[in-house]
Amino acid sequence: MLLGNHRILVLPAPTEHRCSFESNADHECSSKKTLDITNLLIHKTNETLQEYVSTSNNRCNNQIPDEVPSATVAGSNMIEKLQDIYAKNELFSLHLSQVEKYQKELFSTASVLNASSELKERLKHLLTKVECHIKTNDPSTPVPTSPPPLNLPHKYSYGKQVYGCAVIDRLKAWGHNVKEVVKSMCRLIKLRLQSKAG
């Protein structure tokens, strides 16, 4: 008797989104953690910008190329602002990957490459938290779709250096704007808790 060797691909079952909080106090705690992550992002961005300036022979100036994402957080309510933060987070991550690529081409300095990788990791943590806040505030609200791949016009080293500095500088400004939104969210959650307690 001949037995055949059968291979079956078993995929994991879809899981429910695990961002629901047991109580508003847990939600408040999570929003404070989001604020901590945002503060770490701002701190790391400052360090990275200083390192980038020293590596790129101070190619940083007030010139911001059009393709660099804006530092604003748009939206008329908290959900829209969180969605904008989510979308810009992914966009900045793409731009940081491009900055890393340019850095490898131009300088091969491990310190800036490591710093960019750390920034992307911080963005990833923030992205997870923001997605949880979106789903907790309104489970029916979808997270924004991922942006398309970048198609950038930089051919010369000067333009690549200016672009890299502009991305990091804008990320720093965006981080400060995100911090204000998260602080506002923390206040709203705290007020909601106080109103339920009183």
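Here are some friendly notes on this predicted model, point by point.

1. **Ground rules.** Residues are numbered from 1 along each chain as its sequence is written. Because this is a predicted model, local features need pLDDT of at least 70, side-chain atom pairs count only at pLDDT 80 or more, and totals for chains, interfaces and linings use all residues, while side-chain values use heavy atoms, with hydrogens and water left out.

2. **Confidence.** The chain has an average pLDDT (the predictor's confidence in each residue, from 0 to 100) of 83, and 81% of the residues reach at least 70. Helices here are DSSP runs of H or I with at least four residues, numbered from the N terminus. Confidence is highest in helix 2, with a mean of 93, and lowest in helix 1, at 84. Please read residues 1–18 with care: pLDDT stays under 50 there, and the model has three contacts beyond four places in sequence for them. Contact means heavy atoms within 4.5 Å.

3. How many aromatic pairs does the structure hold? There are two. Rings of Phe, Tyr and Trp (its six-membered ring) pair if their centres lie within 6.5 Å; planes under 30 degrees apart are stacked, over 60 edge-to-face, and the rest tilted. F92 and W174 make a tilted pair, with 5.3 Å from centre to centre and 40 degrees between the planes. F92 belongs to helix 2 (residues 78–106) and W174 to helix 4 (residues 157–197), so this pair ties together parts 82 residues apart in sequence. Both F92 and W174 are buried, meaning under 20% relative accessible area, with exposed over 50% and partly exposed in between (1.4 Å probe, protein chains only).

4. **An edge-to-face pair.** The ring centres of Y102 and Y163 are 5.7 Å apart and their planes stand at 70 degrees, so this pair is edge-to-face. Y102 is in helix 2 and Y163 in helix 4, 61 residues apart, so to speak a link between distant parts of the chain. Y102 and Y163 are both buried.

5. Where is H154 placed? Look in the loop between helix 3 (110–137) and helix 4. H154 counts as buried because its relative accessibility is 15%. Its side chain makes polar contacts with the side chains of E67 (2.5 Å) and Y102 (3.1 Å). A polar contact is a pair of N or O atoms within 3.5 Å; within protein, one must be able to donate a hydrogen and the other to accept it, and residues adjacent in sequence count only if both atoms are side-chain atoms.

Conventions
Helix = DSSP H or I, 4+ residues; strand = E, 2+ residues; numbered from the N terminus.
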